[in-house]
Amino acid sequence: MNYCGVKFAAGALAAIITFSGLQIDAAASNKVSSVLPSGGVNHSLVKDTSLESLQTATTTANSRIESTVSFADIPDVETAAAPSMWNEEEEFFKNLVIAQVNHYVNVRSIPSEQGEIVGKLYDDSVGTFISEENGWYQITSGSVTGYVKAEYCVTGEDAIALAKEVGTRLATVTTTTLYVRKEPTTESPVISMVPEGEDFLVIDETDGWVKITVEEGDGWISKDYVDIQTEFVEAESKAEEEARLAKEAEERRKAQEAARASQAANRPAQQATTTTTTQQSTSYTVGEGSELGVAVAEYALQFVGNPYVYGGTSLTNGADCSGFVMSVYANFGVSLPHSSKSDRSQGYGVDGLENAQPGDLICYSGHVALYIGNGQIVHASNSRTGIIVSNANYKKILAIRRIF
């Protein structure tokens, strides 16, 4: 997978980006954001249009490279009166080009269908407007610079509202452990703790606080200890797509080999585990999928009822959400990170819950779970409930990742 998302923080001067006459000094942060890749893409016509707009005929996910755009430090734009930060953000959005297609629109080397395809701009993904020529927009997006047909994209005033819909506003924790409070005040009770590096969907903001959702419910975290940004998906070049697909195929092969080797080495114990799972989890039905994915789901279900422990990795004595997923997969010889944010870039993407299979990672804001099929997940939820089975769509899904 290709980690080439870029975060633009327009206060530290490193690069100059020009948006239709509006110049914003921007610095590329050392933080990269998640990639949402898929397997191969099959081409087919969309909406009776030309070949510029294509869709996939497979059930794999959109191949996407996310970038993070931060507006917290954008300097004042020269206007009659100093604009608010929101106005500055809208000025930025106005200069985005946002694809509106079933799957992706080709980015070409020249403003013509005869031009070489240099990349793909996926549905709801963004580029930066450079110029317009004969019904084509010249854009730059990620590492791709080229032309897309204007009829498949939105820019200018129309892009402002759409950017707020397709962008994902996140707060990333920048301190070791951060309290989540019931109300936006330090006197309010603590309802949860969140670790450094995790990011959460922003559902509300005040001058000094951000409202997020954790497993214990909605709560507030201090803006002093988070980095707030809006994430968009950018274009993927042909070379990046080829490299990503090759890497995903190799990682998948290695994971399958490791899992089969682990199963072969521990077959008696795993057969006993399967019996225990059946006895303890008769009310949970594992759906259809790959043999290895089903085995992962069945193995995970035997730990339902065990405790949640913040920072823990023990399937019996207590684990947090990513510790639970990590330890389940470790039983199959697969190494995953102890981070729900990092889990969003493992394996390869699956397009939509309807295409999920047992064993897939279901990634949420600040949380991760294992899919067991039939619209359900097993996960280390919180200290009150422990390891439980829930509906997979109990809150917004950010990514679905398949390891095998």
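## Second largest pocket

The lining of the second largest pocket comprises 9 nonpolar, 13 polar and 6 charged residues; in this division Ala, Val, Leu, Ile, Met, Phe, Trp, Tyr, Cys and Pro count as nonpolar, Asp, Glu, Lys and Arg as charged, and the others, Gly among them, as polar. The structure is a predicted model, in which local features need pLDDT of at least 70 and side-chain atom pairs count only at pLDDT 80 or more, while totals for chains, interfaces and linings use all residues. Residues are numbered from 1 along each chain as its sequence is written, and side-chain values use heavy atoms, with hydrogens and water left out.

The pocket holds about 440 Å³ of space. Among its 28 lining residues, Met 193, Val 194, Pro 195, Tyr 308 and Tyr 310 are the closest to the centre. Two or more lining residues come from each of strand 17 (190-195), strand 20 (209-214), helix 6 (321-330) and strand 29 (376-382). Strand 17 contributes the most, with 5 residues. Helices (H or I, at least four residues) and strands (E, at least two) are DSSP runs, numbered from the N terminus. On a 1 Å grid over the protein atoms alone, a pocket is an open set of points with protein on both sides within 12 Å along at least five of seven lines, whereas a cavity is a set of points where a 1.4 Å probe fits but cannot get out; lining residues have an atom within 4 Å of a point.

## Cavities and an aromatic pair in the lining

The whole structure contains 3 cavities of 30 Å³ or more. The second largest cavity has a volume of about 40 Å³, a volume being the space filled by probe spheres set on grid points, which are joined across faces, edges and corners. Its lining divides into 4 nonpolar, 4 polar and 2 charged residues, and includes Tyr 329, Arg 402 and Phe 404.

Tyr 329 and Phe 404 are both buried (under 20% relative accessible area; exposed is over 50%, partly exposed in between; 1.4 Å probe, protein chains only). In total, 7 aromatic pairs are found, a pair being rings of Phe, Tyr or Trp (its six-membered ring) with centres within 6.5 Å; planes under 30 degrees apart count as stacked, over 60 as edge-to-face and the rest as tilted. The rings of Tyr 299 and Phe 303 form an edge-to-face pair, because their centres are 5.2 Å apart and their planes lie at 75°. Tyr 299 is buried at 13% relative accessibility, as is Phe 303 at 8%. The rings of Tyr 329 and Phe 404, with centres 5.6 Å apart and planes at 45°, are therefore tilted. This pair links Tyr 329 in helix 6 with Phe 404 in the segment after strand 31 (397-402), 75 residues apart.

## Salt bridges

There are 18 salt bridges in the whole structure, each a side-chain nitrogen of Lys or Arg within 4 Å of a carboxyl oxygen of Asp or Glu. Arg 169 and Glu 89 form one of them, at 3.4 Å from N to O. Arg 169 belongs to strand 15 (residues 168-173) and Glu 89 to helix 1 (residues 85-94), so the pair ties together parts 80 residues apart in sequence. Glu 89 is buried, at 3% relative accessibility. A network of salt bridges links Glu 89, Arg 169, Glu 205 and Lys 223.

Lys 94 forms a salt bridge with Glu 91, with the closest N and O atoms 3.2 Å apart, and another with Glu 157, also at 3.2 Å. Glu 157 lies in helix 2 (residues 157-166) and Lys 94 in helix 1, so this second bridge ties together parts 63 residues apart in sequence.
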